[in-house]
Amino acid sequence: MLDILREEKKYVLPLFRLMYIKGQLEATLHGDAFNGTKPYMVRSLYFDSVYDVDYNEKDMGLNDRKKIRLRIYDTDATKAKLEYKAKSGSMQHKQSITIAREDAIEMTKGKYDVLLKYDEELAGFLYRKMTMEAYIPRCVVQYDRIAFATGENNTRITLDMNISSNEGNFDIFDKNLQLYPVMNMDKAILEVKYNRFLLGYVKRVLQSVDMVEMSASKYCMARKYGLGGECL
């Protein structure tokens with residue numbers, strides 16, 4: 001099981017500024033171990049209660065909030081990540097386990113008893129929570145990501161573009177999933193994640209671009225048509 005506690009900051013910025021900062025980051029940091037500095041697909045299925053508790057916590061600006069999602073990076077993947085992400089202010093606590101493709105497919109149908117076959121504590125916790133609090137699949141979010149990382153302070157910077165969604169088809173393995181944009185195509189989201197403090201040379205790169213920190217939730221933006229929210 002992966003268990004990470006770190007600080008997270010988000011920025012929304014125009015694509016032309018993102019391209020500039022990408023060049024600066026390439027000269028300063030290593031590319032992500034997963035795909036170097038090349039873009040790769042991220043596709044997530046978000047779950048929420050029948051009363052949209054997680055959405056409303058974010059929409060109301062509560063300090064403490066959470067998300068539950070399934071995530072893949074390839075529609076041919078044989079496994080998926082099941083993640084529980086809790087935030088308190090700018091602090092993020094993310095826990096995740098890997099589950100089999102067939103179990104992920106069952107979860108997309110609202111069948112959570114497949115989690116009982118896993119020994120990890122997180123699997124049991126999410127089974128109880130999603131069952132007792134009546135969680136259901138809500139939307140799929142997809143985007144293209146470029147990621148940079150350094151081992152120091154567990155620093156990770158991601159650039160997310162072409163953010164799109166589907167609120168009707170929850171099959172994250174569907175190669176032909178129909179998607180619609182939830183953010184202007186000339187904008188992107190930059191996320192900075194680190195432990196304790198941000199390294200000076202990373203901070204200087206980020207300060208070279210004029211941008212304002214925002215609380216940008218891809219999940220809330222994806223509920224654009226169903227609930228009419230933006231959650232920026």
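Which residues are exposed on the other side of α5? The residues are Arg204 and Gln207, where exposed denotes over 50% relative accessible area, buried under 20%, and partly exposed the range in between (1.4 Å probe, protein chains only). The model is predicted, so local features were taken at pLDDT of at least 70 and side-chain atom pairs at pLDDT 80 or more, while totals for chains, interfaces and linings use all residues. Residues are numbered from 1 along each chain as its sequence is written, and side-chain values use heavy atoms, with hydrogens and water left out.

Helix α5 spans residues 200-207, and its buried residues include Val202, Val205 and Leu206. Seen down the axis of α5, the buried residues fall within an arc of 95°, so they line one face of the helix; the arc is taken from the directions from the helix axis to the C-beta atoms. An α-helix has 3.6 residues a turn, so residues three or four places apart point the same way. The cover over the buried residues of α5 includes α1 (15-26), β8 (155-166) and β10 (187-194), contact being heavy atoms within 4.5 Å. Helices (H or I, at least four residues) and strands (E, at least two) are DSSP runs numbered from the N terminus.

Strand β10 is itself mostly covered, with 7 of its 8 residues buried. β10 pairs with β1 (residues 2-14) in the antiparallel sense over 8 bridges, and Pro14 has Lys187 of β10 as its bridge partner. Two strands count as paired if DSSP finds at least two bridges between them.

The structure holds 23 salt bridges, each defined as a side-chain nitrogen of Lys or Arg within 4 Å of a carboxyl oxygen of Asp or Glu. One of them joins the side chains of Lys10 and Glu191 (3.9 Å, N to O). Lys10 lies in strand β1 and Glu191 in strand β10, so this pair ties together parts that are 181 residues apart in sequence. Both Lys10 and Glu191 are buried. A salt bridge also forms between Asp54 and Lys66, with the closest N and O atoms 2.9 Å apart. This pair links helix α2 (residues 53-59), which holds Asp54, to strand β4, which holds Lys66, across 12 residues. Asp54 is buried, with a relative accessible area of 3%, and Lys66 counts as buried at 12%. In the salt bridge between Glu106 and Lys111 (3.9 Å, N to O), Glu106 is partly exposed at 24% relative accessible area and Lys111 is partly exposed at 41%. A network of salt bridges links Glu8, Lys10, Lys85, Lys87, Arg145, Asp160, Glu191, Lys193 and Lys218.

A nonpolar core is a set of buried Ala, Val, Leu, Ile, Met, Phe, Trp, Tyr and Cys residues joined through side-chain atoms within 4.5 Å. The largest such core has 26 residues, of which Phe47, Ile68, Leu70, Leu82, Met107, Leu126 and Met130 touch the most other members. Two or more residues of this core come from each of β3 (40-49), β4, β5, β6 (91-100), α3 (101-108), α4 (121-132) and β7 (135-150). The most is given by α4, with 4 residues. A second, separate core of 22 residues includes Leu13, Leu25, Val192 and Val202.

Met107 is found in helix α3 and counts as buried at 0% relative accessibility. Leaving aside neighbours within four places in sequence, Met107 is in contact with Phe47, Leu70, Leu82, Ile99, Tyr112, Val114, Leu115, Met130 and Pro137.

Thr75 is placed in the loop between β4 (64-72) and β5 (79-88), and counts as buried at 11% relative accessibility. The C-alpha atoms of Thr75 and Phe173 are separated by 4.5 Å, although the two residues are 98 residues apart along the chain. Not counting residues up to four places away in sequence, Thr75 touches Met41, Arg43, Arg101, Ile172, Phe173, Asp174 and Lys175. With Lys175, the side chains make a polar contact of 3.3 Å, a term for N or O atoms within 3.5 Å where, within protein, one must be able to donate a hydrogen and the other to accept it, and residues adjacent in sequence count only if both atoms are side-chain atoms.
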